[in-house]
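Please take a moment to look over the sequence and the model before reading on. The paragraphs below go through charged pairs and then the chain as a whole.

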Amino acid sequence: MTTARVLRIKSAQNQLIAACGGLDDSADISHFGRSTVGRWADLGDPTLMPLGALLALEAHCGHPIVTAALAEVNNRRLAEPEAEAVSQGNVMARHADAIIHAGELMAAGAAAFADGKVTPNEAVTIDRAAAQLERGLSEYRKALAGVRAAGGLKVVGE
C-alpha cells in the first residue's frame with residue numbers, strides 16, 4: 001500500500017478515535033490498551049486497527065469513518081441504506097453545513113500557507129477540515145438525492 005493510502009487510513013483512524021471520545025474511551029470500547037489505541041491514532045506509527053476494534057468503534061460513534069476511508073482508497077464510495085426524509089429545512093441545513101465546512105477548510109489552508117510552508121501538524125489540521133467538508137458534502141448529496149427521488153422540493157412559499 002502506498003504511503004498516501006496508509007496516511008489516509010491512519011487519519012481516519014485518528015478521527016474515529018476522536019469521535020469516540022479519545023484514547024481512554026476508545027480503549028474501553030475496543031477492549032485494547034490505551035497505548036495500543038495511541039499507536040492506531042499516531043500518524044507516524046504503521047499500526048492499523050484490527051477489524052473487531054474498527055467495527056466496535058464505528059458502531060459506538062455511529063459513523064463509518066475508517067470504512068469510508070478504506071472504500072475511498074479503493075476508488076469506491078459508501079452508500080446509505082435509506083435516504084433521510086426530504087424537507088426544505090433538511091436540504092437548506094445540509095447546504096449551510098457544507099458552506100461552513102468549506103470555509104473552515106479554506107481558513108485552515110490559508111493559515112498553513114501564510115508562511116510559505118506546510119508543517120506536518122498543519123497538514124493534519126487541513127486534513128481534518130477536509131474530512132469534515134467531505135462528510136458535510138456527503139450529507140448534502142444525500143439530502144439532494146432525496147429531493148430527486150421525491151420529484152423536487154419547493155423552497156419558497158406562495
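A salt bridge is counted here when a side-chain nitrogen of Lys or Arg lies within 4 Å of a carboxyl oxygen of Asp or Glu. The model is a predicted one, in which local features need pLDDT of at least 70 and side-chain atom pairs count only at pLDDT 80 or more, while totals for chains, interfaces and linings use all residues. Residues are numbered from 1 along each chain as its sequence is written, and side-chain values use heavy atoms, with hydrogens and water left out.

By the salt-bridge rule, the count comes to 5. In one of them Arg94 pairs with Asp97, the closest N and O atoms being 2.8 Å apart; these two residues stand 3 residues apart in helix 6 (residues 88–113), so about one helical turn separates them. Helices, which are DSSP runs of H or I with at least four residues, are numbered from the N terminus.

Arg8 forms a salt bridge with Glu134, with 3.3 Å between the closest N and O atoms. This pair links distant parts of the chain, since Arg8 belongs to helix 1 (residues 3–19) and Glu134 to helix 7 (residues 120–149), 126 residues apart. Arg8 is buried, with a relative accessible area of 15%, whereas Glu134 is partly exposed at 38%; buried means under 20% relative accessible area, exposed over 50%, and partly exposed in between, with a 1.4 Å probe and protein chains only.

Turning to the whole, the protein chain has 7 helices and 0 strands, and of its 158 residues 32% count as buried. Its C-alpha trace spans about 60 × 40 × 30 Å along the principal axes.
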